[in-house]
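Reader: I am new to this structure, and I would like to understand the terms used for it as we go along. Please set each value beside its definition.

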Amino acid sequence: MSDHDHSSTDDHREGYNFAHPMPVPMLLTVFCILVFLTIVTVAQASFDFGSIDVAIVMGIATIKAIIVALFFMHLLYDKPFNLAIFLSAFVFVGLFVSLTLSDSWLTSKDFIPVDDAVITSTVE
């Protein structure tokens, strides 16, 4: 046989070892945490926290996204470079959202759209 003969179990490449078997109890725990955070998000809608409602919901959604990325996208066990790329994307999205919101708060009194069109209907 030649030196290039590979068996089916020996076909992994350096840096591409992608087998991250996770125990079922860990996956169920992550699932329960995500369901709990979803319930908290829905329950939060029945309370009025004023202007921080959006911040609370976005915080919960960010926590859920981080949990999904770490466990279900295997970033917890992946190369640190991939985690850095993922986190830098989150930082830039947060930066763009915060700059957009700060611009909106500076230029308008509230987020309620104002219709500047003059109503010219006549009552007969």
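Author: Of the 124 residues of the protein chain, 10% count as buried, where buried means under 20% relative accessible area, exposed over 50% and partly exposed in between, with a 1.4 Å probe and protein chains only. This is a predicted model, in which local features need pLDDT of at least 70 and side-chain atom pairs count only at pLDDT 80 or more, while totals for chains, interfaces and linings use all residues. Residues are numbered from 1 along each chain as its sequence is written, and side-chain values use heavy atoms, with hydrogens and water left out.

Reader: What makes up the chain, in helices and strands?

Author: The protein chain has 3 helices and 0 strands, and from the N terminus on its elements run α-α-α; helices (H or I, at least four residues) and strands (E, at least two) are DSSP runs, numbered from the N terminus.

Reader: Why is Phe47 called exposed, and why is Phe49 called partly exposed?

Author: Phe47 has a relative accessible area of 52%, so Phe47 is exposed, because the limit for that word is over 50%. Phe49, at 41% relative accessibility, counts as partly exposed.

Reader: How do you know that Phe47 and Phe49 form an aromatic pair, and why is the pair called tilted?

Author: The search of the whole structure finds 3 aromatic pairs. For Phe47 and Phe49 the distance is 6.2 Å centre to centre, with 50° between the planes; rings of Phe, Tyr and Trp (its six-membered ring) pair if their centres lie within 6.5 Å, and planes under 30 degrees apart count as stacked, over 60 as edge-to-face and the rest as tilted, so this pair is tilted.

Reader: What makes the pair of Phe86 and Phe90 edge-to-face?

Author: Phe86 and Phe90 have 75° between their planes and lie 5.1 Å centre to centre, and therefore the pair counts as edge-to-face. Being 4 residues apart in helix H3, Phe86 and Phe90 are separated by about one helical turn. Phe86 counts as partly exposed at 22% relative accessibility, and Phe90 is partly exposed as well, with a relative accessible area of 30%.

Reader: Why is Leu99 called partly exposed, and where does Leu99 lie?

Author: Leu99 lies in helix H3, residues 80-107, and because its relative accessibility is 49%, Leu99 counts as partly exposed.
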